[in-house]
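Work through the following exercises with the sequence and the model at hand. Each task is followed by a solution in steps.

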Amino acid sequence: MTTTADPGRAGTAPVTAQVTGPAVVLRAAVRHSGTRCAALCLVSATATAAGLLLPAVLGRTLDLLLAHEPARRWILYSAGLVLLLALLDMAETVLDGTTNARATAWLRRRLTGHVLALGPRATARFGSGELVARLVGSAAQAGTAPAALAASVAALAGPAGGLVALGLIDPWLAAVLLAGAPVLALLLRAFARDSSACVARYQEVQGRIASALAEAVGGARTIRAAGTEDRETARVLRPLPELSREGHRMWRAQGRAAAQAVAVAPLLQLGVVAVAGLLLARHRLSVGEVLAASRYAVLATGVGVLVGQLAALVRARAAAGRLGEVLAEPAPCHGGRTLPPGPGRLELRGVTALRGGRAVLDSVDLTVPGGATLAVVGRSGSGKSLLAAVAGRLADPDAGEVLLDGVPLRELTHDDLRRAVGYAFDRPVLLGRTIEDALGLGVAAPSPARIRQAARTARADAFVRRLPGGYATAPAAAPRSGGETQRLGLARAFAHGGRLLVLDDALSSLDTVTEHHITAALTTDGTPATRLVVAHRAATAARADLVAWLEAGRVRAVGRHAELWRREEYRRVFADGAGEDSGAGETEPAGGTRS
């Protein structure tokens, strides 16, 4: 793991870059499940050893019975080995399941933590549906790698042990088997090559279907209103034929390898048995040794087991590659500094932010005095929401830097930054078991009294108390309008205090009376000292201390609303309406839900 910064862009925030190819992800999963993986290897190896002993013991038992000699002890040996194999098989099944579950859980925790560390950039890069598909499906598939690897060791030990046992019975038997070994090796190599590409494409198509489904679920009301349910169903399921083709190719590759192995293996087994029969006729082998040789020939040509284990490893490797793509996205690093005492002075110095190769923010220089309220206005696409994201480090600029009370945000510790900056969005997501939990969500949970005071400030306390459980109501069981949801989001931001409060269009669904009360309350005690408000209404801008007018990613003017109102172009910003920014995707997950 290394920390890097773009040398060509002054002030670019450092990021954590990781080498996360499939092999790296699989090795990490195996290391995490090392103890269980070692135990599984031991159990599998013991089972293989017992399986290799059994033919020899059975052969010896048969020879003694045919010679009418005492064989009771060898019969007990045979029964003991069969019982041991049954017990080892049960232990192997339990260890296989727990190892898979442990590795899968670890991979999911790692992926989830990394996605949340990336923030909105993760959904912008992959899409929420694709991320869910990788978190659920790919992690589960990659989580089978440790157990599959341990089982593969045993699967290889069986043929190798069978070959050695044949050589101990008679070298000619091993020679017959070795004559066909290169053919079996070529079959396995061809199978691994053919199936790898099919598995990767199959999982990719699965991800596309998941992404389309997530989009459709997020836009269910729009689809219902438009009456396009059938059309959307067809769109979501459009990749199904491709998925079917790749699935058939995958299983055809495995079936072809198994069929070819079935064609070659019996010939080798017959060859071993034929040579053993000749040696028996020449009195060089006993009947029991012929029986043992026939069993060892089956073990030595057990390509079917190898094909199954190899297929599992191929699928796990392809899934690990999909996880590695997400984990390779660099996550922002945090520094070790804390904020000195200060009023919350916010500075943007030469901030440039690119999206899709276009400068959404272009060399922005802006200062918000401590304790002031700054309204950010501009037409759709001017960069308002991206500026709001950069101001509190929900997104990092490609150039320039952002300072709070003289300290660059990238140099602050994670907890100090999140304690200092509060956010409220236009469509807040309430996370928690209860409304009170949702309002207290943060690095440091505020007291119940502070939460209720914040709710009163946001004009949300009255309708929360009318809910069946009041503040103990589950968010999903709390019917509410868009404006009430926005008030809860504002209450969450107010409850945590801090030096800077960023309202990214967080007043858009409020009626004018409620908006008036809330904006008036922003200057009262208990609210952050400095406010940055993305505004679409002239009334909101009029109540701010200063207005920053954005146009095409640049600050066109900064001043009082009354002074700027004299310009026709400024008035036209509100007359035309200021919709969503092209930079809004940086502060909200795909699907349009900001949190």
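**Exercise 1.** State the accessible surface of the protein chain and the share that belongs to carbon and sulfur atoms.

Solution. The accessible surface of this predicted model comes to about 27400 Å² for the protein chain. Carbon and sulfur atoms hold 60% of that area. Next, take burial: with buried set at under 20% relative accessible area, 46% of the 595 residues fall in that class.

**Exercise 2.** Describe the secondary structure of the protein chain and the range of its contacts.

Solution. Start with the elements: the chain has 22 helices and 13 strands. Then take the contacts with a separation of 6 or more: 78% of them are between residues 24 or more positions apart.

**Exercise 3.** Determine which strands stand at the edges of the open sheet of four strands, and why one side of each lacks a neighbour.

Solution. First write the order, which is 5-4-7-8, with antiparallel pairing. Strand 5 (358–368) and strand 8 (407–408) each have a single partner strand, so one side of each has no neighbour in the sheet. Finally, check the pairing of strand 8: two bridges join it to strand 7 (residues 399–404), and Leu404 has Val407 as its bridge partner in strand 8.

**Exercise 4.** Characterise the second largest pocket by volume and lining.

Solution. The volume is about 570 Å³. Of the 22 lining residues, Ala47, Thr48, Ala154, Gly158 and Leu299 are the closest to the centre of the pocket. By class, the lining splits into 13 nonpolar, six polar and three charged residues. By element, helix 2 gives the largest share, eight residues. Helices that each supply at least two lining residues include helix 3 (72–118), helix 6 (145–169) and helix 11 (287–300).

Note on methods:
Residues numbered from 1 in each chain as written. Predicted model: local features only at pLDDT ≥ 70, side-chain atom pairs only at ≥ 80, totals over all residues. Heavy atoms only, no water. 1 Å grid on protein atoms, 1.4 Å probe; cavity = no way out; pocket = protein on both sides within 12 Å on 5 of 7 lines; lining within 4 Å. Points joined across faces, edges and corners; volume = space filled by probe spheres on them. Nonpolar A, V, L, I, M, F, W, Y, C, P; charged D, E, K, R; others polar. Buried < 20%, exposed > 50% of the residue type's maximum accessible area, 1.4 Å probe, protein only. Contact = heavy atoms within 4.5 Å. Areas by Shrake-Rupley, 256 points an atom, 1.4 Å probe, with all protein chains shown as cover. Pairing = 2+ DSSP bridges.
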